[in-house]
Amino acid sequence: MVRGLLWILAAILLGGIVHLSTVLAMPRAAKQDAYSRLASLTPVNTMVPLAQPQTGAEIMPFMDPAFATAVCRYDLTGGSLKLTAPVSQAYTSVFYTRRSVAYYAINDRAAGRRTIELDLMTAAQHAQVPEDEEVTAADRLIIESPTTMGLIVLRALAPEPGLMSMARRTLAAATCGIQAAQ
Amino acid sequence: MRLLFGSCFTLLIAAAIGLGATWLTLTRGIAFGALTIGAWTAWPKSGSADIDPYARATIARTGELPTGMGDGIAFYAHTDDRGHAFDGRCTFSISGMTPPARYWTVTLYTPEGRLVANAIDRHGFTSEEIARDNDGRFTIAVAPLARSGNWLPTGGIEQFMLVWRLYDTAIGVATRTAKEGPMPAIERKGC
């Protein structure tokens, strides 16, 4: 009787370990996460407009259909990335890691000027930026990406469906690209 | 013999408990730090680097990109205020006000996060386009058949959900009570 209880206790403990390890392993094992879904649709280090979500043809679940969306799928292996986006009304950009964790967001209000311009780099690349350069370029915005690969998602609100084409046009002017090593 | 039987039994039970618990938590979208106001629940931390392992696993599995914390906050509802599940064959009324935000959107999805086909190609409203009464309040009729005013079609599907996204808002991790952020009331009107 006692022995049976011990077996059950062991099973519960082991089950807990199985549960926690599968939860922790899931982000690595997932084949259909946002980055993988976009990998086949978007070239790397290029700003690409995404098709509007339509019934039965959504790229990702829970996309907000009121927004025009463009994605820069980045890979910083070859150097840091420059993002340039002319600011329009009701405009936002969110930065995601390779595993879909949002680590940074900037919108037109926070940018406070007509164009969002920023350099995205890994911590190692940031460490190599000469210090004096960082000081002289005081208004140069540098963002550190926690992962070498990831996603920048730009979105512009269409306040009503009729304004969607205008929202899509404002995103078309945004660019991203790898900067040559200095 | 008894030892062999015991360990096999233990391993089987352990696998069942472990995988079952993982499946349950990930399909139910369980995460820590929920902020519930009326029928609406948000997980502000899921849009930041502080995201917990459960939410991380859930978004990896579904393939969605969570609303970024600096960007806004997303509230999810699956039932009305009294707990009636959203059935696309019934009529629900959403009314009231929203917490202060620069703008918001409300969108109707299937429980898997897909849009629902309908004749007028409407999947939600933005704060800019919604019709309001004189004191700024609004009423949305979520119904299978056409209504006057703000009609959000359900397409007659068995189960739907609503996502209310507030952009550029102070509502977030520090919000504790509904007093700081009054979310719209949801009421089932009939089936």
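Guide: One definition to start: helices (H or I, at least four residues) and strands (E, at least two) are DSSP runs, numbered from the N terminus. This is a predicted model, in which local features need pLDDT of at least 70 and side-chain atom pairs count only at pLDDT 80 or more, while totals for chains, interfaces and linings use all residues. Residues are numbered from 1 along each chain as its sequence is written, and chains are lettered from A and ligands numbered from 1 in the order in which they are written.

Visitor: OK, how many helices and strands does chain B have?
Guide: Chain B has two helices and ten strands. In sequence order the pattern is α-β-β-α-β-β-β-β-β-β-β-β.

Visitor: And chain A?
Guide: Chain A comes to six helices and nine strands.

Visitor: What domains is chain A given?
Guide: Domain 1 (1-30) and domain 2 (34-178) of chain A; such bounds come from an automatic or database domain assignment. The C-alpha centres of these two domains of chain A lie 40 Å apart.

Visitor: What about domains in chain B?
Guide: Chain B is divided into domain 1 (1-29) and domain 2 (31-190). Their centres, over C-alpha atoms, are separated by 36 Å.

Visitor: What is the radius of gyration of chain A?
Guide: For chain A the value is 21 Å, whereas a compact globule of 182 residues would have one near 16 Å. The radius is taken over C-alpha atoms, and the globule rule is 2.2 Å times the number of residues to the power 0.38. Along the principal axes, the C-alpha atoms of chain A fill a box of roughly 75 × 50 × 30 Å. For chain B the box is roughly 80 × 35 × 30 Å.

Visitor: Take A:Leu9 then. Buried or exposed?
Guide: A:Leu9 lies in helix α1 of chain A. It is exposed, because 11 other C-beta atoms lie within 10 Å. The cut-offs are 20 or more other C-beta atoms within 10 Å for buried, 12 or fewer for exposed, and partly exposed in between. From A:Leu9 to A:Val129 is 120 residues in sequence and 55 Å in space, C-alpha to C-alpha.

Visitor: How much of chain A counts as buried?
Guide: 41% of its 182 residues. In chain B, 38% of 191 residues count as buried.

Visitor: Which residues of helix α6 of chain A are buried?
Guide: In α6 (residues 164-172) they are A:Ala167, A:Thr170 and A:Leu171. Seen down the axis of α6(A), these fall within an arc of 100°, so they line one face of the helix. The arc is that of the directions from the helix axis to the C-beta atoms.

Visitor: What do they pack against?
Guide: The buried residues of α6(A) pack against β1 (47-49), β2 (67-75), β4 and β8 of chain A.

How values were computed
Two residues are in contact if their C-beta atoms, placed from the backbone, lie within 7 Å.
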